[in-house]
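Please read it with the sequence and the model open.

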Amino acid sequence: MAETNLVKTLVKSLKVLECFANGGRELGNSEVAKLLGMNKSNSHDILQTFVRMGYMEQDPTTLKYSLSVKMLEFSSSVNQHIGYYRVVYDIMDQLADTVESVVYFSIPHDTDVLYLYSSHPKAQRKSFPYRPVGGELCPMYCSSMGKAMLAFAGTELMEKMKGRELIKFTDITIDSYEGLEREIQGIRDKGYAVDRGEHEYGIGAVGVPVFDPRRNLIAAMSICVTVSALTKENVFIFSEKLKEAAFQIRMRL
């Protein structure tokens with residue numbers, strides 16, 4: 001579509017929605033306007049329209065806005081369209097129980113990881129609170145699944161990544177493309193990626209790519225644990241279990 005054919009008001013409205021897309025954010029009108037470089041009256045009108053249509057809620061005390069449960073209707077429709085749930089979830093459940101840790105499944109979204117599903121070991125479901133992560137984004141360069149995607153998706157994705165600033169989330173986040181390329185080469189050699197707290201302090205993971213029958217990269221899976229649990233022995237066990245699970249998924253597609 002030519003730039004001149006874009007409906008500018010709709011573009012602004014969608015950009016406002018995108019401000020709330022990650023991590024259950026609550027934002028005030030001034031924050032949204034600042035993020036987008038938008039006039040406060042314009043952002044206010046858009047936010048109020050979303051509230052009246054039921055797509056957002058406004059806290060009466062703080063006056064901050066957040067996405068409403070109505071947005072889950074779109075999430076459900078997208079998941080059904082993608083069609084991975086029936087293929088992967090029992091495999092994820094079995095893996096989570098085997099390793100007694102949380103298992104994630106995600107797909108590439110531009111240069112981010114887009115989380116689709118998570119599976120928690122049955123033994124922990126009643127004793128440990130957990131939140132759904134479907135729809136959350138994480139930069140590829142600082143997550144095990146994202147680095148696995150970069151390693152096996154082909155050169156185009158890595159070239160696209162080079163247009164993105166590498167923000168340091170923790171002391172060990174990779175913040176140079178030279179360092180990222182060295183990391184990616186090692187992942188290609190091993191067949192799996194490790195995150196030792198690059199995005200969140202204390203949270204680590206082992207991730208592998210997921211291919212379709214034609215060996216095109218379509219997704220990634222990871223086992224998430226504390227960084228202290230990433231011993232040499234556990235990394236080997238997790239990587240082998242993940243590879244087996246990824247192969248099972250590939251055979252079902």
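A residue is called buried when its relative accessible area is under 20%, exposed when it is over 50%, and partly exposed in between, using a 1.4 Å probe and protein chains only. By that cut-off Y117 is buried, because its relative accessible area is 4%. The model is predicted, so local features need pLDDT of at least 70 and side-chain atom pairs count only at pLDDT 80 or more, while totals for chains, interfaces and linings use all residues. Residues are numbered from 1 along each chain as its sequence is written, and side-chain values use heavy atoms, with hydrogens and water left out.

**Aromatic rings**

- Rings of Phe, Tyr and Trp (its six-membered ring) pair if their centres lie within 6.5 Å; planes under 30 degrees apart count as stacked, over 60 as edge-to-face and the rest as tilted.
- There are four aromatic pairs in the structure.
- F105 and Y117 make a stacked pair, because their ring centres are 5.9 Å apart and their planes are at 20°.
- This pair ties together parts 12 residues apart in sequence, because F105 is in strand β3 and Y117 in strand β4.
- F105 counts as buried because its relative accessibility is 0%.

**Charge over a ring**

- The charged end of R215 sits over the ring of F211, at 4.1 Å from the ring centre.
- This term requires NZ of Lys or CZ of Arg within 6 Å of the ring centre and within 35 degrees of the ring normal.

**Cysteines**

- The whole structure contains zero disulfides, a disulfide being a pair of cysteine sulfur atoms within 2.5 Å.
- C142 is in no disulfide, and the nearest cysteine sulfur, that of C138, is 4.5 Å away.
- C142 is buried, with a relative accessible area of 0%.
- C19 is also buried, at 8%.

- S66 is part of strand β2 (residues 65–67).
- S66 counts as buried because its relative accessibility is 15%.
- Beyond its neighbours within four places in sequence, S66 is in contact with F20, R25, E26, M56 and E57, where contact means heavy atoms within 4.5 Å.

Definitions and conventions. Helices (H or I, at least four residues) and strands (E, at least two) are DSSP runs, numbered from the N terminus.
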